[in-house]
Amino acid sequence: MKVIRIVAWAAVVAVAIFLLAQRFVNSQEATDRLGGDFTLTAHTGDRMSNSDFRGKYMLIYFGYSFCPDVCPLELAKMTAGLNMLEEEGYNTAPLQPLFITVDPERDTVEALASYVQDFHPSLIALTGTMEEIQDVAKKYRVYFKKRQQDGIEGYLMDHQSFIFVMGPDGDYVRLFSAKDQPSDIAAALKPVLEKARK
Ligand code: NI
């Protein structure tokens, strides 16, 4: 009996280890697959694809220009991080900040052209049809949803708030979240720019 019990426990442990390992592999694959192709309309009116940014590190933020709080804060943080690097003498050209709207209904080319002026001069804002936006958001697994709120004219958009860093081949590198400060962003991107200098 004792032997059977030991064998049974060994089997349970083996299955648990297998499942845990599987989960790790899956989460690894999940971030590996994050991202993908997109073609959207820039605030300049030009159609732009991810392939236009090949060779650069894309810093991608999903949000909307009517956002009262989080979006302007995060875009300001991204801007401050880039400014810090430039003040330290780095050329930030290898970095391409992108703002992809989750509110294409209100974020027209004109609206975005005016919005980008509040942030780093290299920021490109992108809009598109609802289908195009849903497609790219799905590829980055960014959730968003329209929400009506009393006392607010129009509507708000619930959305996740991350700055995705994608490498020169479009592969996922890392992300920055609300807890990251401009100095964290600058510090994390410095090695990229140091490599580009050589
Ligand atoms: Ni927002």
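The model is a predicted one, in which local features need pLDDT of at least 70 and side-chain atom pairs count only at pLDDT 80 or more, while totals for chains, interfaces and linings use all residues. Residues are numbered from 1 along each chain as its sequence is written, and side-chain values use heavy atoms, with hydrogens and water left out.

**Exercise 1. Describe how strand β8 is joined to strand β9, and find the bridge partner of Val-165.**

Step 1: Locate the elements, bearing in mind that helices (H or I, at least four residues) and strands (E, at least two) are DSSP runs numbered from the N terminus; β8 covers residues 163-166 and β9 covers residues 172-176.

Step 2: Apply the rule that two strands pair if DSSP finds at least two bridges between them; here four bridges join the strands, which run antiparallel.

Step 3: Within this pairing, Val-165 has Arg-174 of β9 as its bridge partner.

**Exercise 2. Identify the protein donors of the nickel ion and state which parts of the chain Cys-71 and His-159 tie together.**

Step 1: Donors are N, O and S atoms within 2.8 Å of the metal (3.2 Å for Na, K and Ca), and because water is not among the atoms, sites may look incomplete.

Step 2: The protein donors are SG of Cys-67, SG of Cys-71 and NE2 of His-159, lying 2.0 to 2.2 Å from the nickel ion, and their spacing along the chain is C-x3-C-x87-H.

Step 3: Cys-71 belongs to helix α2 (residues 70-87) and His-159 to strand β7 (residues 156-159), so this pair ties together parts that are 88 residues apart in sequence.

Step 4: Cys-71 and His-159 are both buried, where buried means under 20% relative accessible area, exposed over 50% and partly exposed in between (1.4 Å probe, protein chains only).

**Exercise 3. Classify the aromatic pair of Tyr-61 and Phe-99, and place it in its cluster.**

Step 1: Rings of Phe, Tyr and Trp (its six-membered ring) pair if their centres lie within 6.5 Å, and planes under 30 degrees apart count as stacked, over 60 as edge-to-face and the rest as tilted. A search of the whole structure finds seven aromatic pairs.

Step 2: Tyr-61 and Phe-99 are 6.4 Å apart centre to centre with 10° between the planes, and the pair is stacked.

Step 3: The pair links distant parts of the chain, since Tyr-61 lies in strand β3 (residues 57-63) and Phe-99 in strand β4 (residues 95-101), 38 residues apart; both residues are buried.

Step 4: Together with Tyr-115 and Phe-119, Tyr-61 and Phe-99 form one aromatic cluster.

**Exercise 4. Describe the surroundings of Pro-72.**

Step 1: Pro-72 lies in helix α2 and is partly exposed, with a relative accessible area of 24%.

Step 2: Contact means heavy atoms within 4.5 Å; not counting residues up to four places away in sequence, Pro-72 touches Cys-67, Tyr-115 and Phe-119.

Step 3: Although Pro-72 and Phe-119 are 47 residues apart in sequence, their C-alpha atoms are 8.7 Å apart in space.

**Exercise 5. Summarise the protein as a whole.**

Step 1: The protein has five helices and nine strands, in the order α-β-β-β-α-β-α-β-α-β-β-β-β-α along the sequence.

Step 2: Of its 198 residues, 41% are buried.
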